[in-house]
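I opened my notebook to look up how this chain is put together. Here is what I wrote down, entry by entry.

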Amino acid sequence: MKKAVQLITAIAGSIFCLTIQAQAELPAFWQLSEGVWHSHNMYMDGKFAVKIPDYESVVTIAVKDDEVITTEDKFYPAGYFNGAAIGLDIPAKSGVHMVQTTRASLDSKGVAEEQAVAGAPVKTITTPLDGSSAFYTVSDKITGDTSYRMLISYPQNNARIVVNMGLQPVEAGNAAGALRGLSVFNGVKLPGSEKQALLKQLETVYNATVTVVREADGQFRVADNL
């Protein structure tokens, strides 16, 4: 019996050590990324005219083995969510809560490639630049042209700043410049235990009576409830 206990203890110790080692090998950028982030955001067009002065996001990032799972909850004031662009009819007086979850495969260098919908023409990659920042791109699989370029930065352990550039199609020319739109996100880290209360609070603040979910097949639908 004593030998059996010693064997079990040794195995448990080995598993613990391997777990600690795996966690230590997680690139510093992704270690900083993990957790729940609440941000105030602003969207401008290519000429820096403000189109959405203030909306909010709750971003939850988890790294499990070689996969990065990101869930975004975005809250838009009434009249600011362009449902028509994705084939949805949103009442003008309703605020919108949009939810989407993405999964990305993480390689040995810390580069994450989003697991794309079958047949999708684009690929999405996040490449760490150093221990506290990364560059995110959405590009055409065939031409390589990018439609989005995003800088993600953690200037402090509890702060997350994102600058997302939407780009004009290459065939459109650049007479007015390549920038189609610009979003800026100023976020802080929250205890995970506060997430659900914050989501309920934001639903009230934004009168988010409509919830839009992006499904695994890339399609958007209006959810009855979550």
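I call a residue buried under 20% relative accessible area, exposed over 50%, and partly exposed in between, with a 1.4 Å probe and protein chains only. By that rule, 38% of the chain's 226 residues are buried.

A note on the source: I am reading a predicted model, in which local features need pLDDT of at least 70, side-chain atom pairs count only at pLDDT 80 or more, and totals for chains, interfaces and linings use all residues. Residues are numbered from 1 along each chain as its sequence is written, and side-chain values use heavy atoms, with hydrogens and water left out.

Next I looked up the secondary structure, taking helices (H or I, at least four residues) and strands (E, at least two) as DSSP runs numbered from the N terminus. I found three helices and 12 strands in the chain.

Then I turned to strand β3, residues 67-76. Nine of its 10 residues are buried.

What does β3 pair with? I count two strands as paired if DSSP finds at least two bridges between them. Strand β2 (residues 50-64) runs antiparallel to β3, with nine bridges. Strand β4 (residues 96-106) is also antiparallel to β3, over 10 bridges.

Last, I checked the turn. The β2-β3 hairpin has two residues between its strands, and D65 in that turn shows a positive phi of about 55°.
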